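Hi,

Here is the structure I promised to pass on. Have a look, and my notes follow below.

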Amino acid sequence: MSSPATVLPQGAGYGVVVGIGFFFAAFMLGLTAIQSRYTPFKPSSSEEFSSASRSVKPGLIAAGIVSAWTWAATLLQSSAVAYRYGLSGPWWYGAGATVQVLLFAQLAAKLKLNAPNAHTWLEIVGTRWGQTAHLIFLFFGLATNIIVSSMLILGGSATVTDLTGMNTIAACFLIPLGVAIYVVAGGMRATLLCDYTHTTVLYIIILLFCFTVYATSDKIGSPAKMHDLLARASEVNPVPGNAHGSYLTIRSKDGLIFGVINVIGNFATVFNDQAYWQRAIASKPSSCVKAYLLGGLAWMSIPLMFATTLGLAAVALTGDPDMKVLSPADVSAGLPAPAAAAALLGKGGAAAMLVLLFLAVTSATSAELIAVSSILTYDVYKRYINPQANEAQILRMSHYMVAFFALVMGLAGLIFFYIGVSMGWLYTFMGVILGSAVVPIAICVTWKKANKWGCIAGAVGGFAAGIIAWLVTTSTLNGGVINVDTSGGNFEMLAGNLASIGVGGIVSCLWSLWKPEDFNFDITRAINAPSTHPEYEHKMTEEESNEKEKSSDADVEIKRTTSQGDSLHPEAAIGVTLDEDLDPVALEKAFRFAAWSSVILMIVFLIVIPLPLFFAHTIFGKKGLTAWITIEMIWTFLAAFTVVIYPLYESRVALTLVGKGIIKDLFTKGSGKYEEKEEHAA
Ligand SMILES: NC(N)=O
């Protein structure tokens, strides 16, 4: 049954959420079994579970970054701002949320230099500054995960309900359920492999919508027709604050305000979110910078192309008999894109939208689940409850915490749904409460002079300043009325975002310059280091005895045997980065490369491209719009190549290894199991 207003039947909603959810769970269980049998990596090791043995290559990490950073909001909110502000909305969404990932490349290099074997960023804070700082930043870390997860669930469930009439409560809980199953079974590596498959399908569907709107649709079909329709919409319904009320300009006052809010809020949800640190942790030290730069550049194409396609199509199709009339609440819930997809392609478009949303939400959900599981396991359970926890206890706790947070996600989404907070509201609000921790976290990991009390004061003071500025501005601009509607305006959110990140950054930096620490990162380098790892010492003893036995053969392969009897490479056996894999000179060079390239790209994306168009009041003509869309399409193809084809190429040795193992098993049953002879690569 479907309600009369929905494009698809309710069964389609359950079919996608339960059917595809469980299909991917089964698919990932299969991949995990293949990984265990044919490669050296076993998810039964806690290091492999949470950190993928710190061995993942840049293409797969880039796909993981794209996937974790592609939220429901990336598709829905970007299209909502295109619908509200025109061409500037997709630009400010894409550029305003890419620069943080690019800048994070610097933190990734510093992480490898200063704490290569940490499991979480909070371990670094705790080791450097002790319990008070650890607890305060634990609050910011978990608050980030809860807000991001709530947005995922709110966006995902709103779309499923809108398109199919599926019960929102059921959607809130069923969406994370299937994901939790494969995350528990496969850990970080399964999450990255699933990210890869999801991202591949995501690009296919985005390009499908793009070609429909700009090449084949009867309703639009070309950039020139899109231009005509947007020019007409600008006359009928001019956009306040845009040059000549046009949708075809970057000169949009509200678009720019959204851009500033977007930049600030997304600093918080990258720098404070363990999911991005975890991808740096899982990365090979030598290529983590490349992964973040590639991932950031590839990701930008997603909101930019998608919102320039479906967000603008929603405007262009206003008045079309197939196009749903959108209320302000619908726009805040991010529904212009699903409405446009359904108007353009009917049930097929709605179904493609549903699958797209579902894949985006589930892969970002998997990133959040494993991120929170790592924080709760290493920063709560191991740090405060059971410091002597052994391997089995840590792994068990990691599994329980995935399941626990899946439940919390559902509940959080439900609570926000019932109190009437939409995904769009949360998206612009996130920087108000999370922004103050951004600079303190960044300088804790990168700057020896960062002062503990300065960073604590900055984070707490910025948090208070953000809330006060937001509430005072809401009250001042709305005659003393403070509620969900009045507090969600652009100026209200802008004030809160600016105060939060500004006070946090200024207090922590000035205090650190006033009373600089002279911190020696050796103690953070020692976190979980091989030399301090009891299991490693045990294995070294085994290896030494093996070496003695085999010392007559100079070319003999070194075998280290785990307690389960599997032959493993030493690094894979305990999953930590060995000193010989860390080249401080190369990492310093990578850091410098990350620093100048990310800063140059930030200046280009936030200043050089948009501001001249903004100040010149440029309104795109047909040729200009066609060129703009063509560049976006080329960018999207290059991005798809980077995160779909490149990971296959770089993993060709591992894929061949798996293929050979499967063939051996097929022809001589039981002979294909991985034995430690080959270079391990995945
Ligand atoms: N990940 C974002 N901000 O779409």
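In helix α9, the residues D254, I257, V260, I261, I264, G265 and F267 meet N490, F491, M493, L494, N497, L498 and I501 of α18, where contact means heavy atoms within 4.5 Å. These contact residues divide into ten nonpolar, three polar and one charged (Ala, Val, Leu, Ile, Met, Phe, Trp, Tyr, Cys and Pro count as nonpolar, Asp, Glu, Lys and Arg as charged, the others, Gly among them, as polar). Helices are DSSP runs of H or I with at least four residues, numbered from the N terminus. The axes of α9 (residues 253–271) and α18 (residues 490–514) come within 9 Å and cross at roughly 35 degrees; axes are lines fitted to C-alpha atoms over the stretch in contact, with angles from 0 to 180 degrees between N-to-C directions.

Please keep in mind that this is a predicted model, where local features need pLDDT of at least 70, side-chain atom pairs count only at pLDDT 80 or more, and totals for chains, interfaces and linings use all residues. Residues are numbered from 1 along each chain as its sequence is written, and side-chain values use heavy atoms, leaving out hydrogens and water.

There are ten salt bridges (a side-chain nitrogen of Lys or Arg within 4 Å of a carboxyl oxygen of Asp or Glu). One of them joins D665 to R37, with the closest N and O atoms 2.6 Å apart. This pair links distant parts of the chain, with D665 in α25 (residues 652–667) and R37 in α1, 628 residues apart.

Happy exploring!

Methods
Helices (H or I, at least four residues) and strands (E, at least two) are DSSP runs, numbered from the N terminus.
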